[in-house]
Amino acid sequence: MRATLIFGLLWGIGRLTYGLGIRYLGMSLGNSIVLGFCSAFGALVPAIYYNFYPAEGKSTFAELLTTSWGRVILAGIAVCLLAIYVCGRAGVLKERELTKLQQSASVAEFNLTKGLIVTIVSGILSACFNFGIEAGKPMTEVAVAAGCNPLYQNNVIYVMLLWGGLLVNLIWCVLLNVRNKSFKDYTNAKTPLLKNYLFSALAGITWYCQFFFYGMGESKLGNGASSWIVHMAFIILIANMWGVLMNE
């Protein structure tokens with residue numbers, strides 16, 4: 001339980017830096033780099049860990065190397081890493097070819113150097129979400145033994161994991177409120193408060209749904225590496241689609 005909370009805290013830091021990465025690189029480029037690293041680290045690190053500390057039902061790195069399904073997963077990770085290079089190269093070319101005015105027209109604060117540093121850090125720390133799920137598996141076993149539906153077993157992990165992310169974001173937001181003296185904005189009648197709160201809540205609910213359904217799929221697929229890669233790959237694809245639609 002403690003390890004799950006710690007991984008949640010690290011993942012929360014990854015989520016904070018994720019926002020900065022999107023700010024500096026845009027939706028398509030920023031997401032591709034963050035999620036590329038997140039995919040690779042999230043899939044490989046648990047397998048490497050279980051190679052040294054075997055656990056029943058857990059896939060090891062040796063299995064990934066010596067089985068056909070494992071090699072398919074490794075090939076997918078290789079594609080992710082190749083995509084990171086391609087996206088990074090695209091960012092370099094974009095910075096060279098576009099004027100400052102053109103850059104700001106698509107991404108207001110485009111900055112390749114800052115963006116790459118932030119997105120790499122974000123991608124590595126964001127993978128801690130998958131580490132937290134792995135660390136919390138004993139909790140799911142207890143929940144299932146107590147009669148809970150195995151399909152929703154990962155929800156018990158999210159209680160601790162998401163508390164870690166909440167604490168990091170809460171502390172950071174309070175610090176920003178203090179620094180910017182912006183506490184009054186929460187009750188500023190001159191702004192569309194109802195819409196702001198409504199859309200914020202809707203965004204939070206929609207965002208959580210990804211992990212709710214991911215937990216269901218992971219419980220059926222039964223392999224963390226496969227589940228994580230599929231999940232991240234679809235986020236990358238959708239993010240790039242939105243990048244195209246937003247003329248980035």
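The lining of the largest pocket comprises 13 nonpolar, five polar and one charged residues. In this classification Ala, Val, Leu, Ile, Met, Phe, Trp, Tyr, Cys and Pro are nonpolar, Asp, Glu, Lys and Arg are charged, and the others, Gly among them, are polar. The structure is a predicted model, in which local features need pLDDT of at least 70, side-chain atom pairs count only at pLDDT 80 or more, and totals for chains, interfaces and linings use all residues. Residues are numbered from 1 along each chain as its sequence is written, and side-chain values use heavy atoms, with hydrogens and water left out.

The largest pocket holds about 650 Å³ of space. Of its 19 lining residues, the closest to the centre are Leu-166, Asn-169, Cys-173, Ser-200 and Gly-204. Pockets were located on a 1 Å grid over the protein atoms alone: a pocket is an open set of points where a 1.4 Å probe fits, with protein on both sides within 12 Å along at least five of seven lines, and lining residues have an atom within 4 Å of a point. Grid points are joined across faces, edges and corners, and the volume is the space filled by probe spheres set on the points. Helix H1 (2-25), helix H9 (155-180) and H10 each supply at least two lining residues. H9 gives the largest share, eight residues. Helices here are DSSP runs (H or I, at least four residues), numbered from the N terminus.

One salt bridge was counted. The criterion is a side-chain nitrogen of Lys or Arg within 4 Å of a carboxyl oxygen of Asp or Glu. The pair is Glu-218 and Lys-137, with an N to O distance of 2.9 Å. It links distant parts of the chain: Glu-218 lies in helix H10 (residues 193-221) and Lys-137 in helix H8 (residues 137-145), 81 residues apart. Glu-218 is buried, at 6% relative accessibility. Lys-137 is also buried, with a relative accessible area of 10%. Buried denotes under 20% relative accessible area, exposed over 50%, and partly exposed the range in between (1.4 Å probe, protein chains only).

Helix H7 (residues 128-135) is largely enclosed by the rest of the structure, because seven of its eight residues are buried. These are Cys-128, Phe-129, Asn-130, Phe-131, Gly-132, Ile-133 and Glu-134.

Gly-123 belongs to helix H6 (residues 112-126). Its relative accessibility is 0%, so Gly-123 counts as buried. Gly-123 touches Val-34, Phe-37 and Cys-38, not counting residues up to four places away in sequence; contact means heavy atoms within 4.5 Å. Gly-123 and Val-142 are 19 residues apart in sequence, and their C-alpha atoms are 31 Å apart in space.

Zero disulfides were found, a disulfide being a pair of cysteine sulfur atoms within 2.5 Å. For Cys-148, the closest cysteine sulfur is in Cys-209, 20 Å away, which is too far for a bond. Cys-209 is likewise in no disulfide, its nearest cysteine sulfur being that of Cys-38 at 19 Å. Cys-148 is partly exposed, with a relative accessible area of 42%. Cys-209 is partly exposed too, at 29%.

Lys-181 sits in the loop between H9 and H10. Although Lys-181 is not a glycine, its phi is positive, at about 55 degrees. The residue is exposed, with a relative accessible area of 65%.
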